[in-house]
Structure formats: structure tokens, C-alpha cells
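Colleague: I am new to this structure, and I would like a close look at a single part of it. Could you walk me through the aromatic pairs?

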Amino acid sequence: MLQLVGIILMGLGLLCGGGLLVSPFGMLPAPPGLALWLLFPGLLLAGYALFVMSAPTPQILLISRLVSTLLMALGLLAVTALVLIAMSILPPDEPTGTLWYVLVIGFAFGSVGALAHRRKGE
């Protein structure tokens with residue numbers, strides 16, 4: 001049960017990150033509030049902690065790699081959007097602070113998760 005709850009919480013955390021990623025382009029009905037900013041990393045950490053407490057090691061490795069990959073992808077999308085904005089190719093409707101936040105959290109959590117469970121010799 002804890003594994004399922006952990007996966008759902010991590011999925012919701014990734015959804016929050018996706019919402020923050022698209023918010024500067026007017027794809028959300030309203031600007032993101034403080035809750036979305038806090039829920040993005042908070043749900044990821046809480047979900048991961050719940051999952052790790054009850055899952056066997058092979059499942060922990062799989063989920064860590066999967067979530068790390070998705071977080072790195074969010075970070076890459078954020079930096080791509082920032083580059084396109086800087087080149088005036090993709091004009092934002094709102095400030096780009098959320099993109100910087102997704103970039104930092106995505107790369108920080110993604111790289112830590114990927115490095116924490118790497119195989120010996122990698």
C-alpha cells in the first residue's frame with residue numbers, strides 16, 4: 001500500500017512540475033500559487049520516502065531511475081524554453097521564474113537520484 005501511495009505522490013509531484021513548466025505560456029487558467037511551488041519538491045520527496053520504506057531494492061532502483069529520468073527531462077524542457085525565450089522565438093505571457101525553479105529542482109533531484117543508485121564501475 002505504501003508503495004502505491006508513494007508512486008501516486010511522486011506522480012503528482014511531477015504533475016506539479018509540469019504545471020510550473022507550462023505556466024509562463026498561459027497554459028494554466030491562473031498563475032501558479034505558492035502551493036504548487038511547494039508541492040513540486042514536497043510531493044516528490046514524500047512519495048519517494050514512502051516508496052523506499054516498503055519496497056524491495058530492485059523496485060527502488062527502478063523507480064529511482066525512472067523518476068530521475070523524468071525530472072531531468074523536466075529540467076531539459078525548462079532550459080530549452082528559457083533558451084527559446086532568450087532568442088525571442090517563444091515569448092512568455094508571464095515571468096519565467098517558474099522555469100528557473102523547475103530547472104534547478106529537476107536537475108538537482110534528478111542528478112542526485114541518478115547518482116545515488118548507480119552501479120559500481122559506472
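**The aromatic pairs**

Modeller: Happy to! With ring centres required to lie within 6.5 Å, the count comes to two aromatic pairs. Please keep in mind that this is a predicted model.

Let us begin with Trp37 and Tyr101. Their ring centres are 4.8 Å apart and their planes stand at 40°. Planes under 30 degrees apart would count as stacked and those over 60 as edge-to-face, so this pair is tilted. Trp37 sits in helix α2 (residues 34-54) and Tyr101 in helix α4 (residues 97-116), so the pair links distant parts of the chain, 64 residues apart. Trp37 is partly exposed, at 25% relative accessibility. Tyr101 also counts as partly exposed, with a relative accessible area of 21%.

Now for the other pair, Phe40 with Tyr101. Here the ring centres lie 6.2 Å apart and the planes meet at 65°, so the pair is edge-to-face. Phe40 belongs to helix α2 and Tyr101 to helix α4, so this pair ties together parts that are 61 residues apart in sequence. As for accessibility, Phe40 has a relative accessible area of 0%, so this residue is buried.

Putting the pieces together, Trp37, Phe40 and Tyr101 form one aromatic cluster.

Technical notes
Residues numbered from 1 in each chain as written. Predicted model: local features only at pLDDT ≥ 70, side-chain atom pairs only at ≥ 80, totals over all residues. Heavy atoms only, no water. Phe/Tyr/Trp six-rings, centres within 6.5 Å; stacked < 30°, edge-to-face > 60°. Helix = DSSP H or I, 4+ residues; strand = E, 2+ residues; numbered from the N terminus. Buried < 20%, exposed > 50% of the residue type's maximum accessible area, 1.4 Å probe, protein only.
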